[in-house]
Amino acid sequence: MKQTVKDGQTLADVAIQEYGSWEDMIAIARANNLSMTEVPNAGTELAMPDASWNRTMQNYCKNNDVSPATARDQGNVRLRIFDKEFNEPFK
């Protein structure tokens, strides 16, 4: 499976979006010969390992079209990806 990086996404963002946990960024980095601290360019296609770290978060991101992009810093762009609606089901 491949995933295209969106504007402002880090490997951790892609890992959260696709697997529900930032921890899978290690596997993504290894599969793509990248450093974990590299910020891939928007449009880069990443090979995605066959894994699932947190199905609840993974499903939440997919069902709510959540695409974290923490590398983007454009003034008044809101960088928080989850609001109080998200916190309640996961307490």
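I call a residue buried when its relative accessible area is under 20% and exposed when that area is over 50%. With that cut-off in hand I opened the model, which is a predicted one, and found that buried residues make up 35% of the 91 residues in the chain.

**Entry 1, the overall layout.** I counted 4 helices and 2 strands in the chain, and reading along the sequence I wrote down the pattern β-α-α-β-α-α. For the surface I noted an accessible area of about 5900 Å², of which 47% belongs to carbon and sulfur atoms.

I went through H1 (residues 11-19) and found it mostly covered, with 9 of its 9 residues buried. Just after H1, I found Gly 20 with a positive phi of about 85°.

Is Glu 18 buried or exposed? I put Glu 18 with the buried residues because its relative accessibility is 6%, and the limit for that class is under 20%. Setting aside the neighbours within four places in sequence, I found Glu 18 in contact with Met 1, Gln 3, Met 48, Gln 58 and Lys 62. Gln 58 is also one of the buried residues of H3.

I looked up the largest nonpolar core, which has 11 residues, among them Val 5, Leu 11, Tyr 19, Ile 28, Ala 29 and Met 48. H1 and H2 each supply at least two residues of this core, and the largest share, 5 residues, comes from H1. I then followed Met 48, a member of this core, and, leaving out its neighbours within four places in sequence, listed its contacts as Met 1, Lys 2, Gln 3, Val 14, Glu 18, Tyr 19 and Ile 28.

I located Ala 29 in helix H2 (residues 25-31), where it counts as buried because its relative accessibility is 3%. Beyond the neighbours within four places in sequence, Ala 29 is in contact with Leu 11, Leu 34, Ser 35 and Met 36. I also checked Ala 29 against Ala 12, which is 17 residues away along the chain, and the two C-alpha atoms are separated by 9.7 Å.

In the loop between H2 and strand S2 (45-47) I came to Asn 33, which has a phi near 50°, a positive value in a residue other than glycine. I marked that value because most residues other than glycine have a negative phi. Asn 33 is exposed, with a relative accessible area of 73%.

Which residues of H3 are buried? I found Met 57, Gln 58 and Cys 61, and, seen down the axis of H3, these fall within an arc of 100°, so they line one face of the helix. On the face of H3 turned away from that buried side, I noted the exposed residues Arg 55 and Asn 63. Just after H3, I recorded Asp 65 with a positive phi of about 50°.

Key. Residues numbered from 1 in each chain as written. Predicted model: local features only at pLDDT ≥ 70, side-chain atom pairs only at ≥ 80, totals over all residues. Heavy atoms only, no water. Buried < 20%, exposed > 50% of the residue type's maximum accessible area, 1.4 Å probe, protein only. Contact = heavy atoms within 4.5 Å. Core = buried A, V, L, I, M, F, W, Y, C linked by side-chain atoms within 4.5 Å. Arc of directions from axis to C-beta. Areas by Shrake-Rupley, 256 points an atom, 1.4 Å probe, with all protein chains shown as cover.
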